[in-house]
Amino acid sequence: MISARTVVAGVVGQPIAHSLSPILHNAWLAAAGIDGVYVAFAPRAESFAAFVEGQRGGGAIRGVNVTVPFKEQALAAADEASARARLAGAANLLVFETDGRIRADNTDGVGLLGAFEAQVEGFDPAAGPVVVLGAGGAARGAAAALLLAGTPQVRVLNRTVSKAQALASDLGPKVVAGALADAAEAFAGAIAVINATAAGMSPGQGLDVPLGATPESAVVMDMFYKPLVTPFLAQAQALGRRTVDGLEMLVRQAEPSFEALFGAPPPAGVDVRALALKVLNG
Ligand code: NAP
């Protein structure tokens with residue numbers, strides 16, 4: 001029942017109609033018996049800053065998750081930000097405090113590492129170099145999370161090399177930059193390869209990298225999850241590599257977001273991954 005006391009939160013992006021986040025959060029709200037609702041917002045790109053400013057004080061909306069293309073703007077709009085959001089240069093969570101402050105955080109890194117933990121037993125991000133493909137917001141967040149988790153070297157490869165170089169110079173000497181064409185050399189000795197490019201979003205634009213050059217023990221992860229087993233993950237599985245999917249990352253980043261928005265951790269026993277998969281599979 002929606003009442004005058006119902007807490008409103010949501011996700012902001014453009015486009016947003018494809019988002020699975022409302023499915024996850026509303027299932028948790030119902031199971032926990034919390035008087036809240038989680039909806040999707042798609043302000044015009046030029047209106048994002050005004051949208052955020054209008055939420056000061058939390059009188060209308062308690063907080064929002066933020067997705068493409070607003071994560072960098074979200075960080076800039078906040079009055080204070082967690083260390084992990086500042087390091088990532090992006091925020092996926094804004095909380096509108098009652099005293100008027102806007103607080104930014106980034107739970108994508110928790111989601112990424114949580115997905116590895118859930119799907120690869122004993123994975124230790126500090127055990128060796130990790131290759132990140134892409135140099136956009138998701139790659140930046142991944143590199144920041146890996147550094148905070150003790151990864152000794154993050155090798156960022158991007159189609160546009162200058163963007164990888166900019167990321168490396170922002171994050172320090174443990175991040176090295178290269179071109180996607182250098183993937184075979186970069187894969188040597190890597191404990192994991194993470195696809196953080198948007199290549200899968202455009203039909204027929206898959207990533208062409210020689211996954212066969214990864215060590216047999218390497219774990220291959222794809223942040224993109226439509227379909228759940230992307231051509232990139234299918235190639236890795238055919239080579240016998242262990243894999244991690246992007247849906248698990250989505251679920252794991254949603255957990256701390258839910259707690260920040262609704263004041264309680266997600267209730268146990270709700271299989272939100274299965275719910276999301278049902279929607280994904282139409
Ligand atoms: P972004 O900031 O727009 O960055 C896009 C990146 O993809 C850039 O590095 C770009 O390279 C590269 N790219 C795009 N098309 C390419 C192609 N055809 N071949 C090679 N590289 C290509 O996007 P983002 O926010 O980082 O998101 C990246 C992906 O991660 C998206 O698919 C998004 O859905 C996914 N994601 C998933 C989760 C999750 O929870 N599972 C969370 C965050 C993001 P250039 O610089 O050369 O253009």
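How many salt bridges does the count come to? The count comes to 12, taking a salt bridge as a side-chain nitrogen of Lys or Arg within 4 Å of a carboxyl oxygen of Asp or Glu. Keep in mind that this is a predicted model, where local features need pLDDT of at least 70, side-chain atom pairs count only at pLDDT 80 or more, and totals for chains, interfaces and linings use all residues. Residues are numbered from 1 along each chain as its sequence is written, and side-chain values use heavy atoms, leaving out hydrogens and water.

**View 1. R44 meets E46 in a salt bridge.** Here the N to O distance is 2.9 Å. Both R44 and E46 are exposed (exposed is over 50% relative accessible area, buried is under 20%, and partly exposed is in between, with a 1.4 Å probe and protein chains only).

**View 2. D79 pairs up with R56.** Their closest N and O atoms sit 2.8 Å apart. This pair links distant parts of the chain, 23 residues apart: D79 is in the loop between α3 (71–77) and β4 (80–81), and R56 is in the loop between α2 (48–53) and β3 (63–66). Helices (H or I, at least four residues) and strands (E, at least two) are DSSP runs, numbered from the N terminus. D79 counts as partly exposed at 43% relative accessibility, and R56 does too at 33%.

**View 3. R84 and D105 join side chains in a salt bridge.** The N to O distance is 2.8 Å. R84 belongs to helix α4 (residues 83–88) and D105 to strand β6 (residues 102–105), so the pair ties together parts 21 residues apart in sequence. R84 is partly exposed at 31% relative accessibility, while D105 is buried at 14%.

**View 4. D245, E248, R252 and R273 are linked in a network of salt bridges.**
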